[in-house]
Amino acid sequence: MIKITLPDGSVREYEKGTTGLQVAQSISEGLARNVLAAEINGEIWDATRPINNDSAIKLLTWNDQGGKSTFWHSSAHLMAEALEALYPGIKLGIGPAIETGFYYDIDFGDHQFSSDDFEKVEKKMIELAKTKEEFKRSDVSKADAINYFTEKGDQYKLELIDGLEDGSITFYEQGNFTDLCRGPHIPNTGFVKAAKLMSVAGAYWRGDEKNKQLTRIYAVTFPKASELSDYLTLLEEAKKRDHRKLGKELELFTFSEKVGAGLPLWLPKGAALRERLVQFLSKAQVKAGYEQVITPHIAQKELYITSGHYEKYGKDSFQPIRTPNEDEEFLLKPMNCPHHCEIYRSKPRSYKDLPVRYAEFGTVYRYEQSGELHGLTRVRGFTQDDAHLFCRPDQVKEEFEKVIDLVLHVFNALGFEEYTAQVSLRDPENKDKYIGSDENWQKAEAAIIEAAAEKGLKTVVELGEAAFYGPKLDFMVKDALGRKWQLGTIQVDYNLPERFQLEYTGSDNQKHRPVMIHRAPFGSMERFVAVLIEHCAGNFPLWLTPEQYIILPISEKYADYAKKLSEELNISDIRGLIDNRDEKIGKKIRDAEIKKIPFMLIVGEKEQEENTVSVRKHGAGDLGSLSIDQFIEIIKKETAI
Ligand SMILES: [Zn+2]
Ligand SMILES: [Zn+2]
């Protein structure tokens with residue numbers, strides 16, 4: 001008999017050679033029907049693979065990331081089986097699961113595989129899935145593996161086998177299809193109820209452009225047909241909200257090939273919106289005791305050698321800039337922290353001076369491969385809403401609480417209602433991997449957990465997820481489409497104070513090291529604005545939106561009245577514009593709707609005579625006729641944050 005420990009800590013005995021699926025059956029039939037894989041001592045296994053030793057087990061279903069990726073990788077085998085049946089003689093590359101779905105790289109020979117082929121493949125996949133073919137794992141000697149794929153004539157698999165060690169090779173077989181694979185897989189193909197091929201692209205074998213270009217087929221599958229239709233609806237909505245599309249339509253930002261890839265250019269409306277975000281956070285930071293600092297965009301290479309960033313990023317990032325005469329080397333700033341450490345060092349500090357909080361909207365530059373760049377979310381130059389707090393170890397908890405308050409203030413003002421926080425702690429088994437004293441780590445970890453609890457945050461604790469230099473708290477927000485984004489990080493750091501030899505004089509008159517906390521509620525201005533655009537579909541909160549109103553005169557006869565109104569609104573600090581084009585009012589209204597301007601003020605003869613405006617609210621319709629003071633009142637109420 002072997003002992004199996006379940007996630008709740010309970011221990012049960014089973015026959016040696018029992019499987020995850022059998023463990024599930026012993027718990028409930030319902031669970032057994034949904035088990036896709038089993039995590040055995042932290043490693044994902046087939047649910048049908050025999051367990052021969054005492055083990056900790058977690059059964060994985062569609063709701064677990066590990067269950068999902070096993071499902072999708074198994075679907076890649078299913079798709080390959082369908083493709084082989086439909087296009088005999090194709091050769092297969094690799095077929096991994098990805099974040100949403102999976103792909104398979106295929107050499108189709110002479111056939112030009114295109115989206116016209118998709119439906120046929122989807123049908124075949126479901127037809128094969130209905131026969132509930134079992135995934136069978138087998139150990140194969142290297143010689144047998146080579147024989148099998150030589151006979152099949154699949155040079156790509158042979159190349160892969162070449163790099164594997166004899167004794168470590170496994171095959172997986174389902175129906176008429178056998179693949180070289182490490183696994184794991186779901187019990188049988190019957191779990192797959194819906195399949196959709198999403199796109200095709202060219203992909204060089206092993207990512208090397210000297211190799212042949214294969215056809216990469218991206219696809220996704222689901223255990224329920226309804227989940228596929230929900231997914232497609234979500235994709236449709238996400239497309240409409242894509243920040244790259246809305247950013248262009250709303251004239252917020254642009255890119256120029258001449259300026260360079262990954263270097264966003266903020267247009268006047270986008271820059272004004274960003275500036276309002278900066279003002280909003282700056283104001284809250286001043287209240288919370290932060291001091292603004294400003295540091296340059298480049299610094300001597302030595303600074304980053306001291307900070308350790310050069311060792312970590314140097315070779316893989318922008319290369320040093322040299323001065324012509326002195327031959328000095330400067331780097332584009334990848335992080336603001338080293339600069340702030342030097343500011344801290346600029347004068348002696350006493351325990352009474354702490355905490356010191358330095359904030360900077362600091363622009364940093366990091367090299368990203370051109371293929372990785374994406375709108376405002378992956379760029380090469382971006383501005384962090386950065387701050388570094390230097391405090392005593394006994395102040396960590398209070399500082400964390402204050403930063404949490406600030407982060408929640410941001411989420412509230414911008415309409416992010418659903419969020420969780422992840423606390424990343426040390427791996428308790430490997431304490432020597434981390435820098436800083438055991439005592440300080442214990443204190444800081446307890447402080448973060450307590451601070452999060454006192455602020456009522458929904459948290460998950462992840463052991464072993466801390467950086468080597470300190471524990472952290474990350475905020476995950478759910479946007480309006482239910483997608484998760486990581487925004488806002490608070491991170492303890494014992495490393496930089498050590499590297500920069502930062503000190504303060506304690507009440508004991510001895511020198512001590514301060515604790516450093518990095519924090520950025522937005523993360524970066526670029527990424528935050530991208531997430532915000534997609535979250536609110538471009539309908540920004542009224543306090544933030546580029547134009548709060550647009551005045552639509554029915555004809556040019558009312559242009560003067562419109563001008564007078566806009567002047568009055570301007571005095572009240574309400575921003576907007578006038579549409580004086582010689583267009584029909586219907587067209588003016590439609591155009592204003594596209595621009596997502598929150599209030600339309602329609603003015604004609606009646607309004608001019610009665611000194612009123614006829615108000616339409618975006619997404620809400622007619623508010624009727626209001627005096628200008630009444631309108632100002634509405635705006636003031638809605639923009640209070
Ligand atoms: Zn596989
Ligand atoms: Zn930092």
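**Exercise 1.** How are the donor residues of the zinc ion (ligand 2) spaced in sequence?

*Solution.* This is a predicted model, in which local features need pLDDT of at least 70, side-chain atom pairs count only at pLDDT 80 or more, and totals for chains, interfaces and linings use all residues. Residues are numbered from 1 along each chain as its sequence is written, chains are lettered from A and ligands numbered from 1 in the order in which they are written, and side-chain values use heavy atoms, with hydrogens and water left out.

Step 1. Find the donors, which are N, O and S atoms within 2.8 Å of the metal (3.2 Å for Na, K and Ca); water is not among the atoms, so sites may look incomplete. Cys337 (SG), His388 (NE2) and His518 (ND1) coordinate the zinc ion (ligand 2) at 2.0 to 2.4 Å.

Step 2. Write the spacing: C-x50-H-x129-H.

Step 3. Helices (H or I, at least four residues) and strands (E, at least two) are DSSP runs, numbered from the N terminus.

Step 4. Check burial, where buried means under 20% relative accessible area, exposed over 50%, and partly exposed in between (1.4 Å probe, protein chains only). Cysteine 337 and histidine 388 are both buried.

**Exercise 2.** Describe the surroundings of histidine 185.

*Solution.* 

Step 1. Histidine 185 sits in the loop between strand 11 (177-180) and strand 12 (194-204).

Step 2. Its relative accessibility is 0%, so histidine 185 counts as buried.

Step 3. List polar contacts, meaning pairs of N or O atoms within 3.5 Å; within protein, one must be able to donate a hydrogen and the other to accept it, and residues adjacent in sequence count only if both atoms are side-chain atoms. The side chain of histidine 185 makes one with the side chain of histidine 73 (3.3 Å) and another with that of histidine 77 (3.1 Å).

Step 4. Leaving out residues up to four places away in sequence, histidine 185 touches residues including Leu36, Asp46, Phe135 and Tyr172.

**Exercise 3.** Which residues of helix 1 (residues 20-27) are buried, among those named for it?

*Solution.* 

Step 1. Gly20, Leu21, Val23 and Ala24 are buried.

Step 2. Elements covering these buried residues include strand 2 (11-14), helix 2 (29-34), strand 3 (37-40) and strand 5 (55-60).

Technical notes:
Contact means heavy atoms within 4.5 Å.
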